[in-house]
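Here's a quick tour for anyone meeting this structure for the first time. Have a look at the sequence and the model, and then we'll go through the pockets and the ligand.

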Amino acid sequence: MRCLGIMVLAVLCLAAAVARGQLTSDFYNGCCPQVGDIVRARVSAAMKADPRMGASLLRLHFHDCFVNGCDGSVLLDGSDSEKLAAPNMNSARGFEVVDAIKADLEKACPGVVSCVTPSPSRLSTGCSWYSGGPGYSVLLGRRDGLVANQSGANNNLPSPFEPIDSIIQKFANVGLNTTTDVVVLSGGHTIGRARCALFSSRLSNFSATSSVDPTLDASLASSLQSLCQGGDGNQTAALDVNSADAFDNHYFQNLAGQKGLLASDQGLFSGSGANATKALVQAYSASKERFFCDFGRAMVKMGNISPLTGSAGQIRTNCRAVNK
Ligand code: HEM
């Protein structure tokens, strides 16, 4: 009887996928109505055990979407995996949480919910998991890709050492072609942490004229120097020095006070090419509501980068490998 039920669910989902060939917010209503509860329960438990996990899942979604579109390619294991690309190696986190969500989904609705769904994004998203964070309607129905793209992960993902115009170009390359998207999505750095290796070049031997990056607040520089000194580069600092685990607009207020952690963060406010981005930083710094509203819109846009729909790709059984 259970098998029959499961087959009916699978057929319902496949029919919905082929018929619609596009993303919708009610995609799983007919074929796996429990999907929201399952993802929420696992993510809540993971964040209770590790408050940083929401941030890690949010970043995983971003790193997935910028490489081959939002197709779960970042989740695949192997020597050619995206996990081994420079922006992800020893850095991307949350794969075990995705595995746990997927295992629950496979029990409840085998073969119907893609790995892109439990991976970071999809339901109620990283941000509304934070109390008071923005909520927005997420579109569902993506399918899983068949290949990883390690060189894409090395080339497409922005680096914290890159100038702003080059970061804007990388967003444009995936169809996020406005300055607003770059600034508002950088607001994801209102949660989570970064390793010393990714900002310590701002703390000593910065330039011929200044040992410390002059766009970094002196007292923050001093506490970061103490944190990073003598370490292996893997110590972490909060991306939002004021409230690392709260989704709010402090990130933007920090930038206005020269308290951005990464050079690419501070560059949105202080960089030589920051005229357009600076005005937005000021606007989001003044209005949490405007930030939340634009962030939700931009997250939906990012989640729509080249999705596989209809009968494209597959529904992986194990998020770490394509089906045999
Ligand atoms: C604009 C260009 C961006 C650059 C240069 C950048 C760079 C970085 C770097 C270097 C880290 C720290 C990694 C580590 O310590 O290993 C990081 C962390 C993070 N990034 Fe970004 N990022 C960018 C955009 C985004 C976007 C668009 C989002 C999501 C909407 C995002 C969300 C996050 C989050 C939440 C973390 C913390 C993850 C954790 O604590 O596990 N970033 N980012």
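Which element gives the most to the lining of the largest pocket? That would be α3, with seven residues. Before going further, keep in mind that this is a predicted model.

**The largest pocket**

Let's stay with this pocket for a moment. Its volume comes to about 980 Å³, and 45 residues line it. Of these, R59, F62, H63, H189 and L262 are the ones nearest the centre. Besides α3, the elements that each supply at least two lining residues are α7, α8, β1, α11 (263-270) and α13 (288-303). Sort the lining by class and you get 26 nonpolar, twelve polar and seven charged residues.

Why does this pocket lie between domain 1 (2-156) and domain 2 (164-301)? Because both domains give residues to its lining.

**The ligand**

So what takes up the space of the largest pocket? The ligand does. There are 25 residues around the ligand, and R52, S56, S91, H189 and R195 come nearest.

| Residue | Protein atom | Ligand atom | Distance |
|---|---|---|---|
| R52 | polar side-chain atom | oxygen | 2.7 Å |
| H189 | polar side-chain atom | nitrogen | 2.9 Å |
| R195 | backbone N or O atom | oxygen | 2.7 Å |

In words, R52 brings a polar side-chain atom to an oxygen atom of the ligand, and H189 brings a polar side-chain atom to a nitrogen atom. R195, on the other hand, uses a backbone N or O atom.

The largest share, four residues, comes from α3. By class, the shell has twelve nonpolar, eight polar and five charged residues. Domain 1 (2-156) and domain 2 (164-301) both give residues to this shell, so the ligand lies between them.

**The second largest pocket**

There's another pocket to visit. How much space lies in the second largest pocket? About 300 Å³. This pocket is lined by 20 residues, with P163, I164, A263, G267 and G271 nearest its centre. The lining of the second largest pocket divides into seven nonpolar, nine polar and four charged residues.

**Putting it together**

If you'd like one thing to take away, go back to α3: this helix gives the most to the lining of the largest pocket, and the largest share of the shell around the ligand comes from α3 too.

Definitions and conventions:
Residues numbered from 1 in each chain as written. Predicted model: local features only at pLDDT ≥ 70, side-chain atom pairs only at ≥ 80, totals over all residues. Heavy atoms only, no water. Near = heavy atom within 4 Å. Polar contact = N/O pair within 3.5 Å; in protein donor to acceptor, adjacent residues only side chain to side chain. 1 Å grid on protein atoms, 1.4 Å probe; cavity = no way out; pocket = protein on both sides within 12 Å on 5 of 7 lines; lining within 4 Å. Sits in = over half its atoms within 2 Å of the grid points. Nonpolar A, V, L, I, M, F, W, Y, C, P; charged D, E, K, R; others polar. Domains from an automatic or database assignment. Points joined across faces, edges and corners; volume = space filled by probe spheres on them.
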